[in-house]
Amino acid sequence: MGKFAIFQFYALLRREVQEHRNLFIGAPAVVALLILVASIWVITRIDQQQLAEGLRYVSVVFDGLSPFDMAPFFMLLAIPFFLTLFICSVIYLINTLYQDRKEMSVLFWQSMPVSNLQTVISKIVAISVVAPIFYVLIIFAMYLVAMIWLTILGITHDVDLVGIGWMFLAAIVSLILTYLSAIVTSLWLLPTIGWLLLFSAFARKTPLLWSVGVFILVGFLEDFIFGTQYLGNWVASRTADPNQYLIFEFSSLFERIFDYDTLFGVLVGSILIAGAVFMRRFID
Amino acid sequence: MTNIVEAKGLSKTYGSFTALDGVDLSIPSGAISGLIGPNGAGKTTTLKALTGLCDVEGELSVAGRDPRRARHKLMEDVCFIADVGILPKWLKVFQVIDYVEAVHPRFDRVKADKFLGTTDIPSNKRIKDLSKGMVTQLHLALVMAIEVQLLVLDEPTLGLDIIYRKEFYDRLLNDYYDGNRTIIISTHQVEEIETLLSHLVFINKGKIVLDSLMTELSEIYFEVLVAPDKLGQADALGPIHVREFLGKKSYTYESVPRAQLAELGELHTPSVADLFVAKMKEAKNG
Amino acid sequence: MKNTVLRNRYTLLLTTLIVYMVVLVAEGVITDREVRRVEFENPYFDLNLNDLEEFRERRNNNSNTRREDGGDV
């Protein structure tokens with residue numbers, strides 16, 4: 001891939017972030033702020049003695065523990081962010097190939113020497129690889145603020161804070177795991193990404209309605225024509241276990257990516273994504 | 001002279017509406033070509049077809065490529081400005097410029113900045129906060145900084161006030177056109193561009209009604225003010241259009257030999273606007 | 001074939017969905033798919049504060065054992 005192609009792709013990703021700052025940066029920042037504010041509100045209402053004991057306890061508990069072992073605990077704290085990213089991703093994907101047709105800016109985008117394939121791929125990469133970077137950075141900022149604040153509390157309540165340092169390290173490691181989880185989830189849910197993009201590109205109005213409606217219809221038709229429910233089974237397999245979305249240790253990364261179900265999902269997702277790419281020809 | 005656009009039998013329907021009905025078109029390289037027609041005639045559809053933004057049936061070659069295949073490759077050599085403000089509303093001016101610079105191999109940032117420097121466009125404003133005239137200025141500045149063979153403009157000055165319109169064509173001719181590039185402009189405001197054109201195309205109801213170099217027009221079309229005593233003679237020669245003008249009748253003829261018409265009075269070439277009206281009326285009357 | 005599939009957005013959608021369903025149903029038939037919960041080894045998922053306490057104690061015992069062996073901390 002030539003240097004120019006890399007610049008081009010970077011510009012496409014940059015465009016996505018610039019056009020969707022609310023989803024990529026605004027939403028997680030709001031969530032982080034809410035969590036911090038809520039925490040402050042709770043802590044200022046706790047009896048100070050209890051607070052000091054709580055801090056001491058936490059410090060003792062975490063002291064000396066390997067950050068890699070404790071990191072998974074912090075991933076659970078990131079759940080609000082996972083949910084936010086999931087919702088923002090759905091909003092992003094269902095709108096991204098629809099919005100520019102609605103407001104006619106598609107004529108500008110398509111008057112540039114950027115292929116439909118490049119366009120669609122850049123949007124997938126933007127939401128699966130780039131957006132989580134922003135989310136993780138914001139969570140990091142939140143942990144940093146919390147850490148500073150806990151340190152101050154510790155000092156003012158005369159608590160030994162060594163353990164809190166370990167806790168912070170574990171939180172950092174958890175951020176890496178969080179990022180990897182986001183990537184793995186995108187891979188795992190590639191069919192969903194493809195489905196949303198397909199209808200984003202197809203619909204003249206209400207793309208979300210189309211994507212949900214056709215999904216139900218297709219499931220119904222499958223039962224009617226084949227008498228089978230593989231679509232239902234398949235979707236259920238994909239969503240049944242929350243475990244599927246989170247990576248708790250680095251060693252499981254490889255096995256998750258090369259799992260048969262993941263790879264089959266990539267195949268199915270690619271079919272839908274190809275449909276979305278060709279669908280970009282029909283912009284009227 | 002080669003043709004930069006060769007189109008044969010272009011057809012496009014939207015449901016029951018026929019936008020293009022067998023359009024044959026040839027546009028020579030280096031021409032400034034005007035695509036003129038009433039609203040709904042098929043101008044926008046034709047231009048979109050040429051730039052690959054609209055799928056059509058028929059044979060089509062633009063700058064040596066089929067726009068329906070590698071549109072993105074074609075866009076390295078062709079630029080397009082549409083009438084409706086199509087720059088992305090939520091981006092800021094400098095973000096759009098950065099984007100084009102990164103994405104277009106033939107974009108000259110220095111030129112673009114120079115063109116923009118002569119406008120009042122603030123670089124930090126969002127596109128949606130600019131006036132329509134400024135958006136067109138911006139788009140034109142971007143396009144003029146790109147080395148392309150063909151520039152396609154679809155009613156670029158629609159809705160702009162006169163100052164922006166005049167400036168638009170000034171820049172286009174003086175700063176951009178170098179005799180090698182081809183420009184295709186569509187409009188229904190004929191008077192504005194008729195002095196610029198070197199090639200003329202009339203389109204009506206999805207069909208091409210006229211396709212001619214301006215230099216050839218004066219050999220084919222004639223207008224003559226006929227004195228009352230010669231009216232019978234004038235009618236007999238088969239005019240395509242007759243109208244009242246300053247108390248006399250003005251007859252327009254197509255492909256009638258000059259010698260035959262000379263007797264009727266002083267001949268001159270009809271203005272593009274008058275010719276347009278004549279051809280439209282002719283089509284209407286069958 | 002390309003002309004039929006790419007005739008308009010509806011034919012393209014239909015084609016994509018048909019290919020999608022055929023692949024899904026074929027795979028379902030071949031692998032005899034039921035609702036499959038993919039099990040991944042995950043000792044941490046049920047972690048809560050009590051477990052953390054136990055976990056800590058276990059770890060302490062381990063490291064204490066190590067110290068007794070004269071190893072470095």
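Searching the whole structure, a predicted model, turns up 17 aromatic pairs over all chains; rings of Phe, Tyr and Trp (its six-membered ring) pair if their centres lie within 6.5 Å. Take Phe202(A) and Trp210(A): the ring centres sit 4.9 Å apart with the planes at 80°, so this pair goes down as edge-to-face (planes over 60 degrees apart; under 30 is stacked, and the rest are tilted). Phe202(A) is buried, at a relative accessible area of 2%, while Trp210(A) comes out partly exposed at 34%. Here buried means under 20% relative accessible area, exposed over 50%, and partly exposed in between, with a 1.4 Å probe and protein chains only.

Phe220(A) and Phe224(A) have centres 6.4 Å apart and planes at 10°, so they count as stacked. These two residues are four apart in helix α11 (residues 207-226) of chain A, which puts about one helical turn between them; helices are DSSP runs (H or I, at least four residues), numbered from the N terminus.

Residues are numbered from 1 along each chain as its sequence is written, and chains are lettered from A and ligands numbered from 1 in the order in which they are written. In this predicted model, local features need pLDDT of at least 70, side-chain atom pairs count only at pLDDT 80 or more, and totals for chains, interfaces and linings use all residues, while side-chain values use heavy atoms, with hydrogens and water left out.
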